Amino acid sequence: MIHRVRTAADFARTVRSGARSGRRNVVLYGSRTPDSAPSRVGFIVGKNVGNAVTRNLVKRRLRHASAEWVAAHPHGYDVVVRALPAAADSDWPALQKDFTSCLAAVARRLDRSDAPERQGRVS
């Protein structure tokens, strides 16, 4: 369970700093962490998404999609995924597509903003 964002402070830091990308079903927030730190993912699935059964289904689907991503990127990122009400009616391929495209956009922005620092130049 080292790949989970758990504390309110970590959720707040990730949401307030870093990059953001949104689609119909999800909004994804990401920030860079030290390369030695494991990548972590947290989920926000509010009551506006639906009843408990629906929220848990959406969370399980998002957790599955994020597990694939964490396997490919085991270090260096904190990500928070907020499910939107449309996620309740979305099928698995659409939810996975939105998650993947948001993640790609956030990772691109984070890597672009990190490039000068990682090359030894601090502006």
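## A loop to start from

H73 has its place in the loop between α2 (52-72) and β4. Please keep in mind that this is a predicted model.

Now look across to P38. H73 and P38 lie 35 residues apart in sequence, and their C-alpha atoms are 8.8 Å apart in space.

## Strands side by side

Next, find strand β2, residues 26-32. Six of the seven residues in β2 are buried, so this strand is mostly covered. Strand β1 (residues 19-22) pairs with β2 in the antiparallel sense over four bridges, and a hairpin of three residues joins β1 to β2. To see the pairing, look for S21, which stands opposite L28 in β2.

Strand β2 also has bridges to strand β4 (residues 77-83): seven of them join the two strands, which run antiparallel. Here S31 stands opposite D78 in β4.

## Rings and a charge

How many aromatic pairs does the count give? The count comes to one aromatic pair. The rings of W69 and Y77 have centres 5.5 Å apart and planes at 65 degrees, so this pair is edge-to-face. Both W69 and Y77 are buried.

Y77 has another contact to look for. The charged end of R32 sits over the ring of Y77, 4.4 Å from the ring's centre.

## A network of salt bridges

Side chains of opposite charge can pair when their charged atoms come close. In this model, the count comes to five salt bridges. One of them is between R40 and D10, with the closest N and O atoms 3.0 Å apart. This pair links distant parts of the chain, as R40 is in strand β3 (residues 40-44) and D10 is in helix α1 (residues 8-16), 30 residues apart. Both R40 and D10 are buried.

D78 forms a salt bridge with R13, and their closest N and O atoms are 2.5 Å apart. That pair links strand β4, where D78 is, with helix α1, where R13 is, across 65 residues. D78 is buried, because its relative accessible area is 1%, whereas R13 is partly exposed, with 34%. R40 forms a salt bridge with D78 as well, the closest N and O atoms being 2.8 Å apart. Through shared partners, salt bridges join D10, R13, R40 and D78 into one network.

Methods: Residues numbered from 1 in each chain as written. Predicted model: local features only at pLDDT ≥ 70, side-chain atom pairs only at ≥ 80, totals over all residues. Heavy atoms only, no water. Buried < 20%, exposed > 50% of the residue type's maximum accessible area, 1.4 Å probe, protein only. Pairing = 2+ DSSP bridges. Phe/Tyr/Trp six-rings, centres within 6.5 Å; stacked < 30°, edge-to-face > 60°. Lys NZ or Arg CZ within 6 Å of the ring centre and 35° of its normal. Salt bridge = Lys/Arg side-chain N within 4 Å of Asp/Glu carboxyl O.
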